Amino acid sequence: MQQLLFTVPIMALAIGFAVWNMRRSQAAMANMGPMFLTFFEQTGYRNPDMPNAPLPMQAEAAAQKYRAMFAGGTGNTMIEYVRDMNGLVLRHHMTYQHTGSGYSMAAGWSLALPRQPRAGWHIAEKRFGSVGLAVKEAFTNVETVWSAAYPHRVSSGDPEVDARFQCYATDPGVIPHVLAQPGFRAALLALAEVDLRVLPDRVSFSDPMQKNLMAGMGGAVGAMAAGYDPATLMQATIPVHTRIADLMYQAGAASV
């Protein structure tokens with residue numbers, strides 16, 4: 001009986017906290033224009049279909065797309081932003097495809113290159129494409145679709161990098177060259193999850209589960225501490241957008 005008397009108030013508090021968080025989140029979702037205005041001002045992003053529109057108009061348009069993405073139902077939803085990155089076009093996208101039995105999702109960044117790089121390369125987490133990941137996902141309803149951008153796996157020459165990542169390149173010397181760029185190695189290792197590719201026409205960074213953005217929010221604990229407030233959480237992602245954009249620009253500049 002003592003355990004029951006102790007548990008019921010705790011459960012009541014937990015339910016009350018969850019309801020409060022839900023109402024807070026719903027109120028924030030209904031008034032997301034100012035949130036996106038701050039996001040656009042600090043990141044430099046714009047809507048690709050209305051790049052020259054006034055920022056308040058862009059913010060409200062972005063808020064409408066964001067609400068639609070999380071409104072449920074079936075179909076495809078894509079959110080995309082663009083920004084100038086030292087004269088190059090950087091795109092950030094989030095895509096959700098809802099079906100009757102589940103959904104698929106993708107997210108990432110893409111930076112257009114001014115010319116074809118001297119060598120193509122790809123650095124990604126070792127677990128991607130591994131048997132271990134396939135076995136783990138066999139017991140869940142999640143499937144990761146991934147393949148290496150280039151056929152030849154190479155060593156980076158850096159024990160810490162090779163312990164965490166798998167590297168592919170058309171020229172084995174390009175990855176040590178890129179890692180030697182000031183601050184690049186530290187920035188790469190600091191990210192929560194990496195899938196970075198230099199392709200013939202662009203640099204891409206894939207993060208379908210948005211683990212880097214979640215890490216910027218402080219993970220699940222940080223989200224709970226913020227009461228799942230969209231404005232607070234989005235503000236926390238701004239430095240992550242900046243770090244990944246800088247990393248991609250440096251990767252492209254060192255390769256072309």
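Analyst: Phe36, Phe39, Phe40, Tyr45, Tyr66 and Tyr81 are joined into a cluster by ring pairs. Before going further, note that this is a predicted model, in which local features need pLDDT of at least 70 and side-chain atom pairs count only at pLDDT 80 or more, while totals for chains, interfaces and linings use all residues. Residues are numbered from 1 along each chain as its sequence is written, and side-chain values use heavy atoms, with hydrogens and water left out.

A pair of aromatic rings is described by the distance of the centres and the angle of the planes. Here, rings of Phe, Tyr and Trp (its six-membered ring) pair if their centres lie within 6.5 Å; planes under 30 degrees apart count as stacked, over 60 as edge-to-face and the rest as tilted. The structure has 12 aromatic pairs. One of them is Tyr45 with Tyr81, which is tilted because the planes meet at 40°, with the ring centres 5.8 Å apart. This pair connects distant parts of the chain: Tyr45 sits in the loop between helix H2 (33-43) and helix H3 (55-69), Tyr81 sits in strand E1 (residues 75-85), and the two are 36 residues apart. Helices (H or I, at least four residues) and strands (E, at least two) are DSSP runs, numbered from the N terminus.

Tyr45 is buried, with 1% relative accessible area, and Tyr81 is buried with 3%. Buried means under 20% relative accessible area, exposed over 50%, and partly exposed in between (1.4 Å probe, protein chains only).

Tyr66, a member of the ring cluster, is also among the buried residues of H3, together with Gln58, Ala59, Ala61, Ala62, Ala63 and Met69. An α-helix has 3.6 residues a turn, so residues three or four places apart point the same way. H3 has 15 residues and spans 21 Å from its first C-alpha to its last, close to the 21 Å expected at 1.5 Å a residue. The expected span is 1.5 Å times one less than the number of residues in the helix.

In soluble globular proteins, nonpolar side chains tend to be buried together. A nonpolar core is a set of buried Ala, Val, Leu, Ile, Met, Phe, Trp, Tyr and Cys residues joined through side-chain atoms within 4.5 Å. The largest such core has 54 residues, of which Phe36, Trp121 and Leu196 touch the most other members. Helix H10 gives this core its largest share, 8 residues.

Trp121 has contacts (heavy atoms within 4.5 Å) with residues including Tyr150, Tyr168, Phe184, Leu196, Arg197 and Ala251, when residues up to four places away in sequence are not counted. Arg197 has Ser204 as its bridge partner in strand E8. Two strands pair if DSSP finds at least two bridges between them. Strand E7 (residues 195-198) and E8 run antiparallel and share 3 bridges, and a hairpin of 3 residues joins E7 to E8. On E8 (residues 202-206) there is also an antiparallel pairing with strand E3 (residues 103-112), through 5 bridges, where Trp109 stands opposite Phe205.

Charged side chains remain. Side chains of opposite charge can pair when their charged atoms come close. A salt bridge is a side-chain nitrogen of Lys or Arg within 4 Å of a carboxyl oxygen of Asp or Glu, and the count by this rule is 10. Glu125, Arg127, Arg164, Glu193 and Lys211 form a network of them. Within it, Glu125 meets Arg127 at 3.8 Å, N to O, and Arg164 at 2.7 Å, N to O. The pair of Arg164 and Glu125 links helix H5 (residues 159-164) to strand E4 (residues 121-125), 39 residues apart. Glu125 is buried at 4%, whereas Arg127 is partly exposed at 35% and Arg164 is partly exposed at 22%.

Asp158 and Arg185 form another salt bridge, with their closest N and O atoms 2.5 Å apart. Asp158 lies in the loop between strand E5 (153-154) and H5, and Arg185 in helix H7 (residues 184-190), so this pair ties together parts 27 residues apart in sequence. Asp158 is buried at 15%, while Arg185 is partly exposed at 27%.
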